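Colleague: I'd like to learn how to read strand pairing and charge pairs in a model like this one. Could you take me through a case?

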Amino acid sequence: MNLQHQFSLKEHNTFGIPAKAEAFIAVTSKEELKEALSHSDYPDPFILGGGSNMLLKKDIDGLVVHVALKGIELVKETEEEVWVQVAAGENWHQFVMYCVEHGYGGVENMALIPGNTGTAPVQNIGAYGVELKDVFYKCTAIDRKNLEERSFSLAECNFGYRESVFKNELKDRFVITSVTFKLTKANHKLHTEYGAIQETLEAKGIENPGIADIADAVIAIRSSKLPDPKELGNSGSFFKNPIISREQFENLQEKFPQMPHYPVSKTTVKVPAGWLIEQAGFKGKRFGDAGVHKNQALVLVNYGNATGAEIWELALKVKEQVQQQFGITIDPEVNIIE
């Protein structure tokens, strides 16, 4: 094993936090992964994917294992559907573009979400009315306790809003090595009703969009709102959109009639966290090198030299002010490593 010591993780987390790993290794096969997981000197390694959904508040003691397994394989197809197996280390957006190029529908609304495919089920990533669970077929994973491989079905993953069994009951127990998606080859079910997709398509004069048009619209929208992590450190949406009771929403609506909302069920409503943060006065605000993005209040950014602790301190300020102003608790979507 090619271990590197005192390894900088700055290029391995999209916030660009200059934390270090006591030891680091990138694994490119399941065999290497099993070897790293059973290393006698480092009994409890930290598993690193694309680094897009975490905030490092400190250096990481012990071994960091970067899952870099690659490969996209067509495992089954019919006239209308296709099953595609994707290795955990494949970049998510590049996989979406692969699907668009091959005419496979289902993931186009999730274009430009940062991170790797292997960590996508953990968070049940989603955007513009579509979630990973909508196209998920199964995933394979290695049990960190006994190094045995296991397959998880859609039902076994227990997906919820930015939730899964891997984030709750089985947290830190399994390392996902591949994900298989069930996608459409024909009769694609397009989702244009969420956000500004329909508006963007109309502005382009597109009346009968295909999956490529949807992906292009999402890319345009996200690019206009969200900073490129390579240019400005960030982890995309920092907070989850809170789901509140319809009764609480109706009471708030009397005071804030412009409050946007999306029905979740007969009794619950989802409120955009970005709107709450903007109303609380944080949009575009900067505190040293930690700040709230000028175009999207849901995104916390590192202007260059912010530490993870400084970004977390800002997050707590935002959370406290939203709670005081609206009585709504917003929770981080990002994993806090402390």
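Predicted model: local features only at pLDDT ≥ 70, side-chain atom pairs only at ≥ 80, totals over all residues.

Modeller: Gladly. Residues are numbered from 1 along each chain as its sequence is written, and side-chain values use heavy atoms, with hydrogens and water left out.

Colleague: How many bridges join β10 to β11, and in which sense do they run?

Modeller: In general, strands of a sheet pair through backbone hydrogen bonds, either parallel or antiparallel. Here β10 and β11 run antiparallel and are joined by five bridges. Strands are DSSP runs (E, at least two residues; helices are H or I, at least four), numbered from the N terminus, and two of them pair if DSSP finds at least two bridges between them.

Colleague: What does β10 pair with besides that, and over how many bridges?

Modeller: With β12, in the antiparallel sense, over seven bridges. To find your place there, look at D143, which stands opposite F174 in β12. β12 also pairs with strand β7 (residues 81–87), again antiparallel and over seven bridges. In that pairing, F181 of β12 is the bridge partner of V84.

Colleague: Which order do the strands take in the sheet?

Modeller: The order is β6-β7-β12-β10-β11, five strands in an open sheet with antiparallel pairing. β6 (72–77) and β11 stand at the edges with a single partner strand each, so one side of each has no neighbour in the sheet. On average, neighbouring strands are turned by 20° against each other, direction ignored.

Colleague: Is β12 mostly covered or mostly open?

Modeller: Mostly covered: nine of the 11 residues in β12 are buried. Buried means under 20% relative accessible area, exposed over 50%, and partly exposed in between (1.4 Å probe, protein chains only).

Colleague: Now the charges. How many salt bridges are there in the whole structure?

Modeller: Side chains of opposite charge can pair when their charged atoms come close. The search of the whole structure finds 16 salt bridges, each a side-chain nitrogen of Lys or Arg within 4 Å of a carboxyl oxygen of Asp or Glu.

Colleague: Which residue does D143 meet in a salt bridge?

Modeller: The side chain of D143 meets that of R173 at 2.8 Å, N to O. D143 lies in strand β10, and R173 in the loop between α4 (154–157) and β12 (174–184), so this pair ties together parts that are 30 residues apart in sequence. D143 is buried, with a relative accessible area of 5%, while R173 is partly exposed at 26%.

Colleague: Which parts does the salt bridge between D44 and R144 tie together?

Modeller: Their side chains meet at 3.2 Å, N to O. D44 sits in the loop between α1 (30–37) and β3 (46–48), and R144 in the loop between β10 (136–143) and β11 (149–153), so the pair links parts 100 residues apart in sequence. D44 is exposed at 63% relative accessible area, whereas R144 is buried at 18%.

Colleague: And which residues are linked in a network of salt bridges?

Modeller: E131, K133, D134, R162 and E333 form such a network. Within this group, the side chains of E131 and K133 meet at 3.7 Å, N to O. E131 counts as buried at 15% relative accessibility, and K133 as partly exposed at 31%.

Conventions: Axes fitted to C-alpha atoms, helices over the stretch in contact; angles between N-to-C directions.
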